[in-house]
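Visitor: I would like to know what the words used for this structure rest on. Please take me through them.

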Amino acid sequence: MHKQFAAAAMLAAAFGAQAADDTDLAAIRAQIADMKQSYEQRIAALEQKLAQAEAQSGAVAPAAPPADNSPASPSPRSAATSASAFNPEVSLIVQGQYRQMKSVAERGITGFFPAGGHAHGDGAIEGINKRGFSVDHTELVFAANVDPNWRAQAILGLADGEVEVEEAWFQSLGLGNGLGLKGGRFFSGIGYLNEQHPHAWDFADAPLMYQALFGTHANYGQDGVQLKWLAPTDLFVEIGAELGRGANFPGTDRNGNGAGAVAAFAHVGGDVGIAHSWRAGLSYLRTRASEREGHFEDVGGLEAQGLFTGRSSTWIADFVWKWAPNGNPQQRNFKFQGEYFQRRETGNLSCLDEEAVGNACAAEPTAAYRTRQSGWYAQGVYQFTPNWRAGLRYEQLDSGTRDFGAIGSLLAVDSYRPKKATAMVDYNWSEFSRMRLQFAQDKSMQGVTDNQWTLQYIMSLGAHGAHRF
Amino acid sequence: MKKFIFGAFLALTVAFAHADLKVFATVPEWGALAKEIGGDKVRVYTATNAFQDPHRIEAKPSLLAQARQANLLVAVGADLEVGWLPLVLRDSGNPAIQAGRPGYFEAASVVNRLDVPTSVDRAHGDVHPAGNPHIHLDPRNVLKVGEALAKRMAELDAPNAATYQAGFTAFAGKWQAAMGRWEKTAAPLKGVPVVVHHQSFVYLTRWLGMSEVAALEPKPGIEPTSSQLNALLARQQTTPPRMILRTAYQPEGPSQWLAGKSGIPAVLLPYTVGGTPEAGDLVGLFDDTLNRLLKGLR
């Protein structure tokens with residue numbers, strides 16, 4: 001080897017005499033270095049082989065390495081042949097709280113069309129009104145790949161005397177070209193918070209905005225299909241469209257052919273450096289309502305019923321920004337999220353006196369109805385140690401324009417800006433358990449300042465949940 | 001002029017040929033290995049860096065955008081990425097990299113995994129039913145994974161198959177030589193008792209014959225409290241360990257606290273490529289790891 005090196009060096013020198021150029025010399029040096037390195041490697045490899053051969057030929061296997069120490073061929077662990085090997089991933093969310101707040105007979109948001117409760121069982125107190133100790137519905141999740149082309153998931157909400165199918169959908173795995181198809185009952189992709197179930201919320205309750213938009217359930221779900229497309233770019237660009245039954249508030253079930261609701265959304269997102277990531281979105285939902293019922297007050301303060309028939313369209317803009325040192329959220333991280341909505345409803349409103357209390361609607365008049373309302377929330381949650389997080393949320397709605405036509409003189413048409421400020425702190429023993437204390441000052445009802453305390457627990461059992469962005 | 005056009009055309013094809021295979025690696029070590037094998041035939045995107053806990057990543061928009069474009073996904077597997085990778089795969093709209101397809105490669109599936117639990121219960125913390133997923137710190141595993149990965153890359157990008165084979169052969173030669181060197185220099189580490197922050201180094205300590213006497217985390221994935229550390233300190237009085245090991249992404253607090261109380265040196269190991277300035281590639285990773293271990297021994 002030394003000989004070869006010397007020869008190469010002499011050759012280089014001879015060359016150098018003719019064209020003594022610095023770059024040439026450098027190139028030759030590099031070549032020599034390369035040769036030297038490759039020979040050294042080959043010799044080392046040969047030495048290794050020799051050593052191995054010697055070890056193998058050495059009589060009756062001298063001290064074979066312990067089985068678990070050798071990085072040998074994969075060991076297929078007890079081949080699962082039983083049918084239960086194909087059981088879907090199962091997880092269960094156990095969630096409940098202690099709540100202390102004012103007793104309000106008909107809790108709602110002043111200036112907004114009452115979105116109908118989500119009471120489990122007849123005569124029960126609506127979840128949103130429950131004071132003291134209570135259990136939220138228990139969520140049972142089943143999910144699995146169906147075959148190479150499809151995946152399916154069902155989320156059941158269990159409550160006393162009731163099982164509610166919250167979501168039950170299938171999703172494509174193999175369409176390609178960035179396309180994703182989902183069908184069945186699902187939470188719509190509009191907004192940021194809409195796809196999240198209550199156990200994933202950063203506060204014990206949904207923002208007022210979601211309650212005003214979709215009712216106390218605070219998620220817009222529907223039966224239908226969703227098609228999404230992800231652009232082949234380094235910047236995250238995703239667009240999606242949905243056609244659905246549109247049976248839920250702000251629409252009503254109209255039992256017709258075709259689509260009762262249309263939704264569309266677009267998301268962009270990415271990273272800024274390694275510590276920051278963000279996503280922004282714009283969504284649109286259009287649906288129709290037929291005789292959607294809500295409780296109103298007439299000019300004399302008596303209860304009246306209103307039936308809305310017409311079109312409801314909603315725009316939502318959302319933004320999420322996350323920070324973690326070095327992009328590692330384990331120790332510390334911060335999350336900011338904010339959403340803004342605008343809703344327009346046009347159609348007719350009929351006013352009734354169903355319970356014959358003698359209100360101003362005895363003649364059951366119908367008139368043109370037109371509203372334009374908006375609202376927003378913004379929240380920040382800071383995880384300051386692996387176990388502790390603290391968060392603040394502020395929100396405000398604007399009852400905006402409410403034109404009730406001729407009925408405007410019969411009903412009390414409130415103009416109000418509901419407000420709510422919330423602070424929370426939660427402790428996490430692990431990824432799977434959380435205890436949260438929350439205080440909120442709720443001014444969503446005119447003339448009422450409700451100071452609400454909530455102590456909440458969320459426990460997740462079974463299959464590992466997904467870390468959604 | 002003709003020559004110029006030809007030249008321009010050649011330059012263009014060369015430019016495109018630079019990314020024949022788009023690799024999405026979930027962790028830096030396998031990203032680095034794909035680069036060693038593929039050279040300029042691959043474009044490697046690494047989803048995490050050495051300062052990020054691969055357990056705790058979220059399905060960020062940037063990850064979805066990259067997964068959408070990948071031909072080959074190189075994951076660790078053994079549930080290390082269970083919190084985010086399935087979500088990224090499903091929402092990527094990319095059938096080529098779904099689990100079970102040739103474009104999905106799981107490193108942990110080609111090696112023997114240690115610490116496979118006989119019973120699985122979250123009362124034992126964030127346990128991995130498929131065994132300890134931190135497989136790359138045994139260099140023999142790196143070689144195994146490299147061989148399987150090169151085969152997979154050749155299968156997916158047949159025109160460059162020879163390049164990938166040659167890339168792996170060159171890497172294997174270099175690696176075996178380095179392994180001989182490491183095993184020699186690491187001889188003093190044999191039998192040395194150590195405390196670890198999390199079970200991140202099982203394969204390393206097994207390879208080097210070191211003995212792991214305790215972990216700072218009371219259960220995998222659960223950060224220790226001061227009373228738990230105190231109890232640990234008391235238990236270690238009789239046979240004191242020689243070092244307290246942690247990765248670049250784990251908090252220094254607990255190991256520094258224990259080091260301060262006991263006088264046992266706390267040693268930061270790069271854990272993966274990029275964890276320290278010296279661990280710039282796979283060889284550097286092991287060079288620096290051994291260097292720091294030997295330094296800690298003194």
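Guide: Start with pairing: two strands pair if DSSP finds at least two bridges between them. Strands themselves are DSSP runs of E with at least two residues, helices are runs of H or I with at least four, and both are numbered from the N terminus. The model is a predicted one, in which local features need pLDDT of at least 70 and side-chain atom pairs count only at pLDDT 80 or more, while totals for chains, interfaces and linings use all residues. Residues are numbered from 1 along each chain as its sequence is written, and chains are lettered from A and ligands numbered from 1 in the order in which they are written.

Visitor: What does "buried" mean for chain A, and how much of the chain is buried?

Guide: A residue is buried if 20 or more other C-beta atoms lie within 10 Å of its own, exposed if 12 or fewer, and partly exposed in between, with C-beta atoms placed from the backbone. By that count, 30% of the 469 residues of chain A are buried.

Visitor: Why are β6 and β8 of chain B called edge strands?

Guide: They belong to an open sheet of four parallel-paired strands in the order β6-β5-β7-β8. β6 (211-215) and β8 (266-268) of chain B each have a single partner strand, so one side of each is left without a neighbour in the sheet. The twist from one strand to the next averages 35°, where axes are lines fitted to C-alpha atoms, for helices over the stretch in contact, and angles run from 0 to 180 degrees between N-to-C directions.

Visitor: What joins β5(B) to β7(B)?

Guide: Three bridges join β5 (residues 193-196) and β7 (residues 243-246) of chain B, which run parallel. The cut-off is at least two, so they pair. B:Leu245 in β7(B) is the bridge partner of B:Val196.

Visitor: What makes β1(B) and β2(B) a pair?

Guide: β1 (residues 21-25) of chain B meets β2(B) in the parallel sense over five bridges. At least two are needed, so the term applies. B:Tyr45 in β2(B) stands opposite B:Phe24. Both strands lie in an open sheet of four, ordered β2-β1-β3-β4 in chain B.

Visitor: Which residues count as being in contact between the chains?

Guide: Two residues are in contact if their C-beta atoms, placed from the backbone, lie within 7 Å. Chain B gives 50 residues to the contact and chain A gives 51 residues. On the chain B side, α3(B) gives the most, with six residues.
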